[in-house]
Amino acid sequence: MRRVGIFGWGVVAPRCRNIEAFEKNLASAESWLSPFEGFGPNNFLVGDPDFDFAEYKPWIDARFPATRFAQLEKKMGTTTKMAIGTFIQALGQNPGLEQELQALGPRSHVYVGTGLGDLPTIHDITLSLHRAQRRWDRFWAAPERNSALRRWLETREPLPGLPPEPSTADETDRDLVEEAWWHFWAGQSQELREYLAEQKEIESLGVEGANVEAVKLAVIKEKRTRNQRLQKKWGAPEPPWNAVPAEILWNIHNTPASQISMMGKLTGMTFAPVAACSSFGYGLKLALDAIRGGDAKAVVLGMTDPPPHPLTVGGFYNARVVSADGAVSKPLTQLRGTHVAGGAVTWILGDLEYFTAKGFKPLGMEPLTVGVTADAEHIITPSKEGPTLSIHEALRKSGVTPAEIGSWDLHATATPGDYLEMETLHEVLPETVLVTARKGTFGHGMSAGGGWELTAQYLGYARGQVFPTPLSEAELNKEIARVHPRYVFDKAVAVPRGCAGKLSMGVGGINACIISRPWR
């Protein structure tokens, strides 16, 4: 079986602009969480990523036309920009890595996903569309621009589907009733039909002639000019379809992967693996399989999540998995819930023999295997059987016995699931295993969190120590303490002998267990 190494990595996380800050901050037992500002005053703490895309401008300017950075800044959401940033960081640990990845052509793959997608971009565009639709319907539903409404006002005869008049609505429902009323009457407007007939004639202009590119640009310009005249003629607001910018397409789930392939000039297989909280583990399995199967010599693996947003914080809260008391909720303690976090992580993995022969040095630890399973049971509550099976699968494929495991990093979201996870671990591994849980440090990044936890584990082993956690021994939940005796608290601990394990459990019952070993 081909061995695989990590030859570059980058991180954007709460309080961490780069991998160097991440490693430095891990040496402290402090939490990196901060108050959430998205709802106005509230009681949520979140992991807000420390990120400034301008830091990567010199790298981009050195490789692309001067307009490229501004184009990325304008068109890409933060989710994609953080992924680009971590990729650029990852090229820095081994000089010449960028050129080697390019030289590999189709044998350089890019697997970069996102657990949530670019929700802030989608949210903002959705609001713009809603406001534009409201203005549009109100304009065409006004009696002076709607002969059908003027006739109805004279008779007030019942009409199929006619909503209540806004004047009859309660104050709390007024906005919704107004929108329904305006939308109905805009659909009846003969004047709007006349407008649309004129616009149809404008949009029917086609590209004809030998020089297609030149004619296309001329047609686009002519359509724009005629549409502006049409708007002026009717005095109409911008149509709602003009309120949806192309950025809604430029920021789909595959965009971080495709932009990294463009930034790195990498021409191999490029796509977005998505597996909720287990995304990084699933992506790692795909990367190991591709390299060992000979399809790839190198894989850029990454995950990226948007900064905490009202949509995610509110959604997690109503799923009953987020703490909302203004204090840090630490795993393995009072089980009050986790904290939403955003950021990104990227690894560059490669065929160990191939890359070391060229002088590249592997980082951290050696990833051996990933066991993946599905609970096939519940949307949010983990089963016992699914995670247990993923651990057994990882151990079996790696050839590592439970007795050879020295440390283990939990998924542990500071919910009642922590107790079940510890029971599962206790049934598979010996009591000598040293256990860590890190979501009290940086929160729960839906897809990036598993990558942060693995990177923390690998950085620690490279230093010869397991980094501290915010958990003090006195805070450990008494019932959990009865299940297993050894944990890493708020002081660093020497790395134990043997291999390391890491479990992730994703929404939908998707599990990934990673077994790794120190470099000999």
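Q: Let us take Ala, Val, Leu, Ile, Met, Phe, Trp, Tyr, Cys and Pro as nonpolar, Asp, Glu, Lys and Arg as charged, and the others, Gly among them, as polar. How do the residues lining the largest pocket divide?
A: The model is a predicted one. In the lining of the largest pocket there are 13 nonpolar, twelve polar and five charged residues.

Q: What is the volume of that largest pocket?
A: The volume of the largest pocket is about 490 Å³.

Q: And which residues lie nearest its centre?
A: The lining of the largest pocket has 30 residues, and V321, I380, P382, T413 and T415 are the ones nearest the centre.

Q: Which residue with positive phi follows helix 14?
A: R320 follows helix 14, with a positive phi near 65 degrees.

Q: On to the second largest pocket: what is its volume, and what is closest to its centre?
A: The second largest pocket holds about 280 Å³ of space. Its lining has 13 residues, and E203, K223, R224, N227 and N242 are the closest to its centre.

Q: Which helix has the largest share of that lining?
A: Helix 10 does, with six residues of the lining of the second largest pocket. Helix 9 and helix 10 each supply at least two. By class, this lining has four nonpolar, five polar and four charged residues.

Q: Staying with helix 10, how far apart are its end C-alpha atoms, and what should its residues span?
A: The end C-alpha atoms of helix 10 (residues 212-234) are 33 Å apart. That agrees with expectation, because 23 residues at 1.5 Å a residue should span 33 Å.

Q: Which residues of helix 10 are buried, and what covers them?
A: V219, K223, N227, L230, Q231 and W234 are the buried residues of helix 10. Their cover includes helix 6 (119-140) and helix 9 (190-203).

Q: Why might residues three or four places apart point the same way in an α-helix?
A: An α-helix has 3.6 residues a turn, so residues at that spacing point the same way.

Q: What comes after helix 10?
A: G235 follows helix 10, and the phi of G235 is positive, near 65 degrees.

Q: W234 is aromatic, I see. Which cluster do ring pairs link with W234 in it?
A: The cluster joins W136, F139, W140, Y195, W234 and W241 through ring pairs.

Q: How many aromatic pairs does the structure hold?
A: There are 30 aromatic pairs in the structure. One involves F22 and W32, with ring centres 5.8 Å apart and planes at 80 degrees, so this pair is edge-to-face.

Q: Where do F22 and W32 lie?
A: F22 is in helix 1 (residues 19-26), whereas W32 is in the loop between helix 1 and strand 2 (34-35), so the pair ties together parts ten residues apart in sequence.

Q: Is F22 buried or exposed, and W32 likewise?
A: F22 is buried, at a relative accessible area of 0%. W32 also counts as buried, at 3% relative accessibility.

Q: And how are the rings of F51 and Y56 arranged?
A: F51 and Y56 form a stacked pair, 6.1 Å centre to centre with 25 degrees between the planes. Y56 counts as buried, at 7% relative accessibility.

Q: Now the cavities. How many of 30 Å³ or more are there?
A: There are two cavities of 30 Å³ or more.

Q: Which element gives the most to the lining of the largest cavity?
A: Helix 19 does, with four residues. The lining residues of the largest cavity include S407, D409, R438, Y461 and F467. By class, the lining has four nonpolar, five polar and two charged residues.

Q: And what lines the second largest cavity?
A: P382, S383, P387, G417, L420, E421, T424 and M505 line the second largest cavity. Helix 17 (residues 417-428) gives the most, with four residues.

Methods
Residues numbered from 1 in each chain as written. Predicted model: local features only at pLDDT ≥ 70, side-chain atom pairs only at ≥ 80, totals over all residues. Heavy atoms only, no water. 1 Å grid on protein atoms, 1.4 Å probe; cavity = no way out; pocket = protein on both sides within 12 Å on 5 of 7 lines; lining within 4 Å. Points joined across faces, edges and corners; volume = space filled by probe spheres on them. Expected span 1.5 Å × (residues − 1). Buried < 20%, exposed > 50% of the residue type's maximum accessible area, 1.4 Å probe, protein only. Contact = heavy atoms within 4.5 Å. Phe/Tyr/Trp six-rings, centres within 6.5 Å; stacked < 30°, edge-to-face > 60°.
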